[in-house]
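Please read this briefing alongside the sequence and the model shown below. The points are grouped by topic.

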Amino acid sequence: MNRALKIIGALVLSAVLAAAVYLAVPSARDQAAPEPEVTQLEFWTVNSQYAAYMRDRADQFNRAAQGKKIDLTVKVYPRSFIVGQLSKTLFSDAGVPDMVDILFNDFNRFVSSADYTLLLYPLGSLLNGRSAPAPWAIEPFSFNLNPLAIPYASGQMMVFYNHPLMLRCGVDPASIKTWADYLAAGSVVADQGIALFPLDISGNDLIFALMLDASDAEANGPAGAVLHSPSYQSTYLTLRDLLKSGVCRVSENYDIYNNAFFRAFEAGEYISVIASAEYALDLAANAPNLKDALYVQALPLPSTGTGAVSVAQYGTAITARCRDIPLAKEFLRFAKLSAGATSILSEAEQRLSGYFVNGFAQTVPDADQNIRHFKGASALPVAAAEMVTQLLKSLDEMD
């Protein structure tokens with residue numbers, strides 16, 4: 001009897017111990033999933049819109065990725081700082097971010113030799129067999145046929161009009177169909193002491209290169225192929241005459257992305273501004289008094305055509321310090337090329353619904369044949385920079 005009780009007691013004790021062990025050690029099913037590996041990445045860009053876009057894409061990437069995660073630090077710097085920093089560290093990864101936005105006509109500063117791969121990582125493998133941007137958009141960001149950056153999906157050049165002011169001056173922006181119509185409207189408003197548009201000479205604006213391109217300037221070679229050619233001289237004289245007549249004037253602080261210009265535009269000193277589509281977000285944030293006053297059109301070509309102008313402006317590059325970080329390439333592909341990627345233009349449409357007098361989306365031509373692209377020739381920006389210098393000298397002579 002005592003022996004039986006001892007056996008039963010031992011069995012009960014074993015069962016209790018087993019239960020305790022079972023309760024103390026959760027099953028594999030109940031164990032928490034391991035924390036995903038976190039990769040730290042730093043991204044530099046030039047404006048808050050691109051910054052917000054990439055932060056949003058990073059959040060979406062982290063939700064979609066299995067077992068991996070990025071911690072994206074985003075910093076917004078002036079274009080001049082980014083160019084200067086990259087130029088200083090051209091053959092070193094010290095002091096550069098993992099990913100960076102670069103203006104298309106700044107790329108020639110970094111890819112003048114075969115050693116460019118010491119700074120920028122070739123992205124050809126990201127584009128193979130994928131929904132890549134159109135060749136015209138990639139070409140300005142390529143060297144020796146190697147893509148070095150992926151542009152943002154927007155790029156249409158637009159004219160943003162102060163609609164009530166236009167009507168008070170006797171001009172209906174809906175009647176402007178060609179570049180000639182646009183300049184004719186400028187003569188009307190200049191007679192009333194108002195400039196048609198500001199000239200941005202900071203390097204962010206593309207109006208100089210655009211006019212050269214539309215004049216059929218050939219730039220398939222050294223910069224001398226355009227500089228001081230008949231088309232160059234014609235474009236220069238056109239812009240000089242526009243400045244002389246008051247149809248346009250050099251923007252406050254030389255660019256259209258500063259508070260002085262936003263205040264001048266709000267005050268009616270200019271009747272329109274030429275900028276890329278995503279500039280709508282800058283106006284919404286910095287020119288609130290123009291809410292419900294803006295009329296937006298695709299920029300008419302500075303030629304006989306009436307189609308819209310589409311340009312590749314900023315592209316996102318991966319620096320060479322990321323050559324051994326596959327997740328950086330995976331994230332860039334997700335951010336710019338995946339099916340769920342939204343363009344900055346679409347973001348503008350969604351966030352600015354009701355901001356404009358007319359529908360923003362209706363201003364962008366649907367058919368590709370209506371869009372005129374830059375030839376992608378690297379000499380056009382060089383010629384444009386020279387033209388800025390000449391025009392400023394010309395202004396001094398006028399004074």
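Are both Phe261 and Phe262 buried or exposed? Both Phe261 and Phe262 are buried, where buried means under 20% relative accessible area, exposed over 50% and partly exposed in between, with a 1.4 Å probe and protein chains only. This is a predicted model, in which local features need pLDDT of at least 70 and side-chain atom pairs count only at pLDDT 80 or more, while totals for chains, interfaces and linings use all residues. Residues are numbered from 1 along each chain as its sequence is written, and side-chain values use heavy atoms, with hydrogens and water left out.

**Aromatic pairs and a charge over a ring**

- A search of the whole structure finds 12 aromatic pairs; rings of Phe, Tyr and Trp (its six-membered ring) pair if their centres lie within 6.5 Å, and planes under 30 degrees apart count as stacked, over 60 as edge-to-face and the rest as tilted.
- Among them is the tilted pair of Trp44 and Phe81, with 5.8 Å centre to centre and 45° between the planes.
- This pair links distant parts of the chain, since Trp44 belongs to strand β1 (residues 37–45) and Phe81 to helix α3 (residues 79–88), 37 residues apart; helices (H or I, at least four residues) and strands (E, at least two) are DSSP runs numbered from the N terminus.
- Trp44 is buried at a relative accessible area of 5%, whereas Phe81, at 33%, counts as partly exposed.
- Phe261 and Phe262 also form a tilted aromatic pair, with 6.3 Å centre to centre and 55° between the planes.
- One aromatic cluster is formed by Tyr161, Trp179, Tyr182 and Phe197.
- Arg249 lies over the face of Tyr270, at 4.4 Å from the ring centre; a charge sits over a ring if NZ of Lys or CZ of Arg is within 6 Å of the ring centre and within 35 degrees of the ring normal.

**An open sheet**

- An open sheet is formed by 3 strands in the order β10-β7-β11, with antiparallel pairing; two strands pair if DSSP finds at least two bridges between them.
- β10 (272–276) and β11 (294–298) stand at the edges with a single partner strand each, so one side of each is left without a neighbour in the sheet.
- The twist averages 25° from one strand to the next.
- Strand β7 (residues 157–162) is joined to β11 by 5 bridges, and the bridge partner of Met158 in β11 is Ala298.

**Positive phi values**

- Most residues other than glycine have a negative phi.
- Asn253, in the loop between β9 (248–250) and α10 (259–266), has a positive phi near 55° and is exposed, with a relative accessible area of 56%.
- Tyr254, in the loop between β9 and α10, has a positive phi of about 75° and is partly exposed, with a relative accessible area of 48%.

**Helix packing**

- The axes of helix α2 (residues 48–64) and helix α12 (residues 326–337) come within 10 Å and cross at roughly 110°; axes are lines fitted to C-alpha atoms, for helices over the stretch in contact, and angles run from 0 to 180 degrees between N-to-C directions.
- That makes α2 roughly perpendicular to α12, where angles under 35 degrees count as roughly parallel, over 145 as roughly antiparallel, 65 to 115 as roughly perpendicular and the rest as oblique.
- Lys336 is found in helix α12 and counts as buried at 12% relative accessibility.
- The C-alpha atoms of Lys336 and Arg57 are separated by 8.8 Å, although these residues are 279 residues apart along the chain.
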